[in-house]
Amino acid sequence: MTVTAVRKDPDSLTMTVTAEFDASPERVWQLWADPRQLERWWGPPTYPATFTKHDLAPGSRVEYHMTGPEGDQPKGFWDVLEVEPPHRLVYRDGFANDDGTPNDAMPRNEFRVTIEDAGDGRTRMSIESTFASTEAMEQLIAMGMEQGLTQAVGQIDAILAEDAVARA
């Protein structure tokens, strides 16, 4: 498993998932920048994502839905705030209604993705989620956010392993 740490800090209202990969920062960035690659890992295995709009430019919106084992399709979006390829992505994440409008009944949180060279051909990626309140943090973690994000990131190694096979 690629995930090396999960830290929850109720005082700073953050949860951070850290992972390391046998790949360059540029390659790890492509896992975010290419929607077809992002679909292969964003979301836990039982809730794969489909990205219907994907533009990683500040001020743009990314839209997606996940498909559950019973066929349910919860929708989500990212409002992109900052982009510094291949090292940083900041976006506000939210749930969407069936028509794609923001679901204001559900909490939003801010994600800060940091991708850095860890030496020896490895890259460290941290995904820090900042919550608006203790209640929002507790609600999203109770909904399975920690397990879902950990399982999602855990799928990246298999994608990167395909690169090694293609080069061989």
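Does Asp120 count as buried or exposed, and at what relative accessibility? Asp120 counts as exposed, because its relative accessibility is 83% and the cut-off for exposed is over 50%. This residue is found in the loop between strand S7 (109-119) and strand S8 (122-131). The structure here is a predicted model.

Start with the whole chain. The chain holds 5 helices and 8 strands. Read from the N terminus, the elements run β-β-α-α-β-β-β-β-β-β-α-α-α. The C-alpha trace spans about 50 × 35 × 30 Å along its principal axes. The radius of gyration is 15 Å, which agrees with the value near 15 Å that a compact globule of 168 residues would have.

Now consider cover and surface. Of the 168 residues, 44% count as buried. The accessible surface comes to about 8,300 Å². Carbon and sulfur atoms account for 49% of that surface. Contacts also tell how the chain folds back on itself. Among contacts with a separation of 6 or more, 47% come from residues 24 or more positions apart. Charge is the next topic. The chain has 15 positive and 29 negative side chains. The centres of these two sets lie 3 Å apart.

Next come the aromatic rings. A search of the whole structure finds 12 aromatic pairs. One of them joins Trp32 and Trp42: the ring centres are 5.7 Å apart and the planes stand at 55°, so the pair is tilted. This pair links distant parts of the chain. Trp32 is in helix H1 (residues 25-33), and Trp42 is in the loop between helix H2 (35-39) and strand S3 (49-53). The two residues are 10 residues apart. Both Trp32 and Trp42 are buried.

Trp42 also pairs with Trp78. That pair is edge-to-face, with 5.2 Å from centre to centre and 80° between the planes. Here too, distant parts of the chain are linked. Trp78 is in strand S5 (residues 75-84), 36 residues apart from Trp42. Trp42 has a relative accessible area of 6%, so it falls under the 20% cut-off for buried. Trp78 counts as buried because its relative accessibility is 0%. These residues belong to a wider group. Ring pairs link Trp32, Trp41, Trp42, Phe51, Tyr64, Trp78, Tyr91 and Phe111 into a cluster.

Move on to strand S6 (residues 88-96), where Val90 is found. Val90 is buried, with a relative accessible area of 1%. What does Val90 contact, leaving aside its neighbours within four places in sequence? The partners are Asp79, Val80, Leu81, Glu82, Glu110, Phe111 and Arg112. Asp79 is 11 residues apart from Val90 along the chain, and their C-alpha atoms are separated by 8.7 Å. Phe111, another of these partners, is also a member of the ring cluster.

Not counting residues up to four places away in sequence, Val113 touches Trp32, His87, Arg88, Leu89, Tyr91, Met125, Ser126 and Ile127. Tyr47 is a separate case: Val113 and Tyr47 are 66 residues apart in sequence and 21 Å apart in space, C-alpha to C-alpha.

Helix H4 (residues 145-153) is mostly covered. Of its 9 residues, 7 are buried. They are Met145, Glu146, Gly148, Leu149, Thr150, Ala152 and Val153.

Finally, look at the backbone. Most residues other than glycine have a negative phi, and most peptide bonds are trans. Leu13 has a positive phi of about 55°, although it is not a glycine. Leu13 is found in the loop between strand S1 (3-9) and strand S2 (14-21). With a relative accessible area of 17%, Leu13 is buried. Asp120 returns here, with a positive phi near 55° in a residue other than glycine. Leu13 is buried, whereas Asp120 is exposed. The peptide bonds hold a further feature. A cis peptide bond joins Pro85 and Pro86, with omega at about -5°. Pro86 has its place in the loop between S5 and S6.

Terms used:
Residues are numbered from 1 along each chain as its sequence is written. This is a predicted model: local features need pLDDT of at least 70, side-chain atom pairs count only at pLDDT 80 or more; totals for chains, interfaces and linings use all residues. Side-chain values use heavy atoms; hydrogens and water are left out. Helices (H or I, at least four residues) and strands (E, at least two) are DSSP runs, numbered from the N terminus. The radius of gyration is taken over C-alpha atoms; the globule rule is 2.2 Å times the number of residues to the power 0.38. Buried means under 20% relative accessible area, exposed over 50%, partly exposed in between (1.4 Å probe, protein chains only). Contact means heavy atoms within 4.5 Å. Accessible areas come from the Shrake-Rupley method with a 1.4 Å probe; for residues, only the protein chains shown count as cover. Lys and Arg count as positive and Asp and Glu as negative; His and the chain ends are not counted. The place of a charge is taken as NZ of Lys, CZ of Arg, CG of Asp or CD of Glu. Rings of Phe, Tyr and Trp (its six-membered ring) pair if their centres lie within 6.5 Å; planes under 30 degrees apart count as stacked, over 60 as edge-to-face and the rest as tilted.
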